[in-house]
Amino acid sequence: MKSIFKIFIETANSFEGQEEGEEVVLLLRRHPIVIILRLLGLFLAFFLPIIIALVFVDFIIIHNLSILFLFLISLWALFIWILAFYAFTMYTLDVWIVTDRRIIDSTQHGFFNRKVSELHLSRIQDISVNTDGVIQTFFKFGDLHIQTAGTEERFKFLQIPKPNIVKDQMMKTAFAKHHLNQV
Amino acid sequence: MIPLTLIVIALILLAVLTYWGITLIIIYHLTRFGVGVQPKYLTTIFFFGSAILSVISLFLFLNLDVNVLKEQVQIISDIPFLGITLK
């Protein structure tokens, strides 16, 4: 029984495919405002049948429809609950991991469409940060682009919080790795 | 002619199976691919929330009189919506 609860404390920042001795430096997800905005619509939708019930309250009581209406509200709540957690799942599984060896970009598009790509720190050539618009400036989040050697596609970290701090941390890790390789 | 009670029960059963199918897929994704402890916490909240909501729905369904459901649906469809009666 004790081992079941271990997953809540012992799996911190561990991931599938982690190499032996590989340490996670940064674990990044999109800024929470992204998921909050998505959930706001669902939160408002949740109250829709309750508003309808309040409008037609007399009609519901007169015709003895209260149980049927409560049952329909509970079905609606189940539907909203599963939609909210679908959004949470997509948000949580869209992750960027920076380790002391490499950068892993894991993206989830729907349940059965998953893309994982990785880049070794030694291949980083240039990192740029892009903060675009009022919302991104106000909530301190933005995009981070990593240019690699050759004509390869750039690595993109989208809507991550505090991209400037992430850039500095990443440069520090890449420099440390480079320095270690030379020694 | 298939009785209405049987049709309603079959539909509810199908909805329950679909709902828990999707729930298990979400739980699988969060625990299998989730990095860190946050997905595990989310899985726990999601599972218990789903279970509680399902029990509430089931309880309300059991209190529902399926035999008068047809009449109740008839009453609701008689409500004029934007001047149109859903009949």
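Let's start with A:Arg102: it is buried, at 5% relative accessibility. Buried here means under 20% relative accessible area, exposed means over 50%, and partly exposed is in between, with a 1.4 Å probe and protein chains only.

A word on the source. This is a predicted model, where local features need pLDDT of at least 70, side-chain atom pairs count only at pLDDT 80 or more, and totals for chains, interfaces and linings use all residues. Residues are numbered from 1 along each chain as its sequence is written, chains are lettered from A and ligands numbered from 1 in the order in which they are written, and side-chain values use heavy atoms, with hydrogens and water left out.

Back to A:Arg102. What does its side chain meet? A:Glu118, in a salt bridge at 2.6 Å, N to O. The term means a side-chain nitrogen of Lys or Arg within 4 Å of a carboxyl oxygen of Asp or Glu. A:Arg102 sits in strand S3 of chain A and A:Glu118 in strand S4, residues 114-120, so the pair ties together parts 16 residues apart in sequence. A:Glu118 is partly exposed, at 41%. Salt bridges with shared partners join A:Glu22, A:Arg102 and A:Glu118 into one network.

Helices (H or I, at least four residues) and strands (E, at least two) are DSSP runs, numbered from the N terminus.

Now S3(A) itself. How many of its residues are buried? Seven of seven. A:Arg102, A:Ile104, A:Ser106 and A:Gln108 point one way. A:Ile103, A:Asp105 and A:Thr107 point the other way. Why two sets? In a regular strand, side chains alternate between the two faces of the sheet.

Next, the neighbours of S3(A). Strands pair if DSSP finds at least two bridges between them. S2(A) and S3(A) pair antiparallel over four bridges, in a hairpin with two residues between the strands. S3(A) and S4(A) also pair antiparallel, over seven bridges. That hairpin has five residues between its strands, and A:Gly110 takes a positive phi near 75° there. Follow A:Asp105 across: A:Trp96 stands opposite it, and its bridge partner in S4(A) is A:Ser117.

How many salt bridges are there over all chains? Four. Another one joins A:Glu19 and A:Arg101, with the closest N and O atoms 3.0 Å apart. A:Glu19 is in the loop between helix H1 (2-6) and strand S1 (24-29) of chain A, and A:Arg101 is in the loop between S2 (95-99) and S3 (102-108), so this pair ties together parts 82 residues apart in sequence. A:Glu19 is partly exposed at 34%, and A:Arg101 is partly exposed at 23%.

Then A:Asp94 and A:Arg30, also a salt bridge, 3.0 Å from N to O. The two lie 64 residues apart, A:Asp94 in the loop between helix H5 (66-93) and S2, A:Arg30 in the loop between S1 and helix H2 (32-46) of chain A. Buried or exposed? A:Asp94 is buried at 7%, and A:Arg30 is buried at 17%.

Last, chain B. H5(A) packs with H1(B), residues 4-33, at about 20°, with axes 10 Å apart. Axes are lines fitted to C-alpha atoms, for helices over the stretch in contact, and angles run from 0 to 180 degrees between N-to-C directions. The two helices are therefore roughly parallel, a term for angles under 35 degrees. Among the residues that meet here are A:Trp81 and A:Phe85 from H5(A), and B:Tyr19 and B:Ile22 from H1(B). Contact means heavy atoms within 4.5 Å.

Technical notes
Angles under 35 degrees count as roughly parallel, over 145 as roughly antiparallel, 65 to 115 as roughly perpendicular and the rest as oblique.
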